[in-house]
Amino acid sequence: MRADLRIISELIAPGARVLDLGCGTGDLLAWLQANKSVNGYGLEIDAANITTCMGKGVSVLEQDLDAGLDHFADDAFDMVVMTETLQAVRAPDHLLREMLRIGRECIVTFPNFGHWRSRAQILLRGRMPVARHLPHAWYNTPNIHLCTFDDFERLCRDLQLRIIERFVVDDGHENSAMINRFPNVFGTYAFYRLGRPEHANR
Amino acid sequence: MSAADAAGSVGIVTPRRFANDAPFALQCGETLPGFELVYETYGTLRPDRRNAILVCHALSGHHHAAGVHSAEDTRPGWWDSCIGPGKPIDTRRFFVVSLNNLGGCNGSTGPLTDNPATGRPWGPDFPTVSVRDWVHSQALLADHLGIHRFAAVIGGSLGGMQALQWSIDFPDRVRAAVLIASAARLSAQNIAFNEIARQAITSDPDFRAGHYREAGTHPDRGLSIARMVGHVTYLSDDGMRERFGRELKSGDLHAGRDVEFQVESYLQHQGRSFSRRFDANTYLLMTRALDYFDPASDFGDDLAAALERAEAQFLVIAFSSDWRFSADRSREIVDALVAARKRVASAIIESPHGHDSFLLELPRYFEVLRAWLGRLLSEIEDEPAPEPPSHAG
């Protein structure tokens with residue numbers, strides 16, 4: 001399994017109801033179904049990915065995230081997962097709120113625009129950053145809402161979302177002392193496990 | 001080469017009859033003294049009987065879904081593109097059952113067959129049948145064929161409604177349900193179109209309150225108009241523009257002909273040929289069954305509650321340009337299935353062909369069916385074989 005999916009799978013309880021937003025080829029859900037007996041669903045819009053999911057027996061639903069999640073009931077899921085998709089949606093703030101309406105908790109992963117290489121490309125070369133974890137040019141990137149870890153945490157504060165856990169890793173999905181000390185400079189990807197504000201759960 | 005030898009064809013098939021002699025209580029309160037269903041099968045039922053698929057037909061469909069009836073027959077069954085060796089519903093692996101529903105006009109008991117009480121055709125007096133009645137009569141056919149549990153019940157449009165009803169009424173007899181271009185209930189707009197169709201038929205002077213057979217007539221005009229209305233709703237605006245545009249039948253406008261645009265000629269042809277092959281009373285009965293279908297109504301209008309009991313996994317397919325049974329109707333089913341915590345996959349196939357898409361050979365549509373049915377079969381094969389029947393004493 002992909003390293004990032006392995007990290008996520010460890011955050012999900014056995015038997016949980018899981019919704020994976022942008023589930024790709026369904027690897028996470030297939031693994032969770034087989035190993036943690038989760039009741040999982042994935043939303044996806046890529047035709048080839050959908051067919052692949054079906055071949056794996058994954059409950060994949062052809063639905064566009066930008067069309068919203070309002071057809072899902074409050075508390076429909078224990079965990080809503082979104083891997084490397086936040087930066088590509090039209091309204092990340094709205095989507096985050098929705099994720100924590102339909103799910104009791106959510107896991108969000110995204111690439112760090114504040115990585116030192118990105119900073120260096122803008123600062124020294126005066127060019128939009130292109131890196132292994134951000135491979136697109138400015139004109140063809142699907143990533144319309146890139147942010148740094150600090151930006152994201154600021155948004156969580158504004159939306160009163162509770163950050164339960166955070167893992168920051170490098171390109172190879174490894175953690176290091178340097179990354180832990182300066183995540184917003186040396187971290188490539190972050191995994192956030194978010195919950196509703198304390199008062200909302202009472 | 002004849003159609004029977006065509007690659008991927010199930011070849012020459014012969015319809016069979018299943019007779020149920022026991023009284024059959026209908027949802028409307030009436031009881032049929034018995035009934036007959038005409039059906040066809042394709043492929044081979046495995047000894048463990050776990051590879052059976054039931055195909056349910058839509059409004060104007062029938063039992064002849066695949067293959068041909070003779071070496072000279074040039075018109076294969078209505079879903080021949082999808083059913084056959086190597087096709088999405090692969091008859092090398094699945095045993096496929098297709099029938100003409102109760103109330104139909106293709107050989108099963110219906111308005112055209114004799115009412116044993118009078119010795120005359122039932123005509124308009126044939127009782128109102130529902131999707132539930134169809135499903136329960138199909139279950140008797142399955143018993144007759146020795147099929148306890150279908151690997152899948154598959155249907156498009158009204159056929160998908162039957163698949164949905166199967167999953168609710170016989171949870172342990174359906175491993176999977178495939179609902180294509182379908183809905184959990186008709187919208188007011190849909191019922192309105194059906195009512196126009198019914199009015200076209202019943203207002204035809206040749207309808208004779210449904211007793212047209214005795215009068216030696218048939219409401220061809222009414223049925224033809226009913227079909228024309230239906231047909232327009234099965235296509236899409238873009239699809240019709242692409243196919244007909246504003247092409248004229250003759251070179252110049254106002255040439256004094258009845259038919260000026262190609263689309264008029266097409267619709268009239270569709271209407272005429274349909275009125276020749278279909279029975280008006282059956283059309284009324286089938287549209288009523290469509291209108292009344294609403295499995296959620298017994299569960300406080302909560303479809304998720306209705307589906308609670310289902311044990312099947314589901315595949316729900318919609319088509320982008322279908323406005324008669326739009327993708328939103330499919331999503332209502334998907335939402336209810338998710339709320340009821342059922343296994344479900346869904347796809348929205350890009351197609352300009354409207355509701356009719358479900359009958360067409362569209363590459364992505366067939367890929368989805370192949371992938372999903374392939375997975376289903378591998379899950380069936382991974383399961384331990386069912387206990388052999390015990391021979392007590």
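The model is predicted, so local features need pLDDT of at least 70 and side-chain atom pairs count only at pLDDT 80 or more, while totals for chains, interfaces and linings use all residues. Residues are numbered from 1 along each chain as its sequence is written, and chains are lettered from A and ligands numbered from 1 in the order in which they are written.

Let's start where the chains meet. Helices (H or I, at least four residues) and strands (E, at least two) are DSSP runs, numbered from the N terminus.

Now look at Ala73(A), in the loop between strand 3 (60–62) and strand 4 of chain A. Leaving aside neighbours within four places in sequence, Ala73(A) is in contact with Ile102(A) and, across in chain B, Ala339(B). Ala73(A) and Ile102(A) are 29 residues apart in sequence, yet 5.9 Å apart in space, C-alpha to C-alpha. Is Ala73(A) exposed or partly exposed? With 13 C-beta neighbours inside 10 Å, Ala73(A) counts as partly exposed. The cut-offs are 20 or more other C-beta atoms within 10 Å for buried, 12 or fewer for exposed, and in between for partly exposed, with C-beta atoms placed from the backbone.

Over to chain B and a helix pair. Helix 5 (residues 220–234) and helix 7 (residues 262–277) of chain B pack at an angle of about 125°, with their axes 8 Å apart. Axes are lines fitted to C-alpha atoms, for helices over the stretch in contact, and angles run from 0 to 180 degrees between N-to-C directions. The two helices are therefore oblique to each other; under 35 degrees is roughly parallel, over 145 roughly antiparallel, 65 to 115 roughly perpendicular, and the rest oblique. Residues making the contact include Met228(B) of helix 5 and Phe274(B) of helix 7.

Last, the core. The largest nonpolar core has 159 residues, and Ile53(B), Ala152(B) and Ala177(B) touch the most other members. Such a core is a set of buried Ala, Val, Leu, Ile, Met, Phe, Trp, Tyr and Cys residues joined through C-beta atoms within 7 Å. Beyond four places in sequence, the contacts of Ile53(B) include Phe94(B), Phe150(B) and Ala152(B). Thanks, everyone!

Note on methods
Two residues are in contact if their C-beta atoms, placed from the backbone, lie within 7 Å.
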